[in-house]
Amino acid sequence: MIISVTLDAAATPTAPALVLRPWCVDDVAALVEASPDPGLRSEDDGLRWVRAQERGWAEGVRFGFAVLEPGPGPGPSASSPARLVGNVVLKEVAPGKAAAEVGYWTAARARGRGVAPRALEALTTWSLDAFRADGLELLHQVDNPASCRVAAKCGYAYDRTLAAAPPTFPLDGHLHVRRAPARPVADTP
């Protein structure tokens, strides 16, 4: 069982480094403010959602990460609190399953700065190493070209279009897949 993991995504010339860590109760107010999900509009909604993320970690089936960047402040040693800029998640993890699914969202104030691809790449690298899956899947609605661009930047190849399944998935979706790199075969005597 994985207890807790913290991941890092390097800074770019135009954006600060990111830290990805499991969600906690202290994140509720920032989650409610930043989340694009209409089901997360109150502190109670946010607390229920965070508790579900914590259960996912405890059960080893869903690994949600708050994506944080350093708060505003002078210099690299600023002590300003980190700001929530997004979420990435590895879900549908099951023994014997060839592929798990990844998902993400970026806070509106952080879009266009490379947060989603950098956070997704950190999650992908960790996931493929930690779970030794054959690959990972990324699904988004067809009307979301930004997610197609993020998928491509992170090496998730377009696989196929999936039919809508209302009410949960009201529109057709694109399925992207990233295969694990070939692993060396152990010599047997």
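# Pocket lining, helices and selected residues of a predicted model

User: How do the residues of the lining of the largest pocket divide into nonpolar, polar and charged?
Analyst: The model is a predicted one. Its largest pocket is lined by 44 residues. By class, this lining divides into 21 nonpolar, 12 polar and 11 charged residues.

User: What is the volume of the largest pocket?
Analyst: Rolling a probe the size of a water molecule over the atoms shows where empty space is left. Nearest the centre of the largest pocket lie Y104, L139, H140, N144 and S147. The volume of this pocket is about 1,200 Å³.

User: Which element gives the largest share of the lining of the largest pocket?
Analyst: Two or more lining residues come from each of β4 (83–91), β5 (99–106), α3 (115–131), β6 (135–141) and α4 (145–153). The largest share amounts to 6 residues, and the element that gives it is β5.

User: Which residues is S127 in contact with, leaving aside its neighbours within four places in sequence?
Analyst: S127 lies in helix α3. It has a relative accessible area of 1% and is therefore buried. Beyond its sequence neighbours, the contacts of S127 are L90, R132 and L136.

User: What is the phi of R132?
Analyst: R132 follows α3 and is found in the loop between α3 and β6. Most residues other than glycine have a negative phi. R132, by contrast, is a residue other than glycine with a positive phi, near 55°.

User: What arc around the axis do the buried residues of α4 cover?
Analyst: The buried residues in α4 are S147, V150 and A151. They are on the same side of α4, because the arc they cover is only 100°.

User: Which exposed residues does the face of α4 turned away from its buried side carry?
Analyst: The buried residues of α4 have a cover that includes β5, α3, β6 and β8 (173–179). The face of α4 turned away from that buried side carries P145, R149, A152 and K153.

User: Is L40 buried or exposed?
Analyst: L40 has its place in the loop between α1 (28–34) and α2 (43–59). Its contacts, apart from neighbours within four places in sequence, are L31, V32, S35, D45, G46 and W49. With a relative accessible area of 4%, L40 is buried.

User: How far apart are G112 and D172 in space, C-alpha to C-alpha?
Analyst: G112 is in the loop between β5 and α3. Its relative accessible area of 87% makes it exposed. G112 and D172 are 60 residues apart in sequence, and their C-alpha separation is 25 Å.

User: What is the relative accessible area of E92?
Analyst: E92 is placed in the loop between β4 and β5. Although not a glycine, E92 has a positive phi of about 60°. It counts as partly exposed, with a relative accessible area of 44%.

User: What separates the C-alpha atoms of E101 and T124?
Analyst: E101 lies in strand β5 and counts as buried at 13% relative accessibility. Not counting residues up to four places away in sequence, E101 touches V89, L90, K91, E92, E137 and L139. E101 and T124 are 23 residues apart along the chain, and their C-alpha atoms are separated by 10.0 Å.

User: Is the peptide bond from P166 to P167 cis or trans?
Analyst: P167 is found in the loop between β7 (157–162) and β8. Most peptide bonds are trans. The bond from P166 to P167 has an omega near 5° and is cis.

Notes: Residues are numbered from 1 along each chain as its sequence is written. This is a predicted model: local features need pLDDT of at least 70, side-chain atom pairs count only at pLDDT 80 or more; totals for chains, interfaces and linings use all residues. Side-chain values use heavy atoms; hydrogens and water are left out. On a 1 Å grid over the protein atoms alone, a cavity is a set of points where a 1.4 Å probe fits but cannot get out, and a pocket is an open set with protein on both sides within 12 Å along at least five of seven lines; lining residues have an atom within 4 Å of a point. Grid points are joined across faces, edges and corners, and a volume is the space filled by probe spheres set on the points. Helices (H or I, at least four residues) and strands (E, at least two) are DSSP runs, numbered from the N terminus. Ala, Val, Leu, Ile, Met, Phe, Trp, Tyr, Cys and Pro count as nonpolar, Asp, Glu, Lys and Arg as charged, and the others, Gly among them, as polar. Buried means under 20% relative accessible area, exposed over 50%, partly exposed in between (1.4 Å probe, protein chains only). The arc is that of the directions from the helix axis to the C-beta atoms. Contact means heavy atoms within 4.5 Å.
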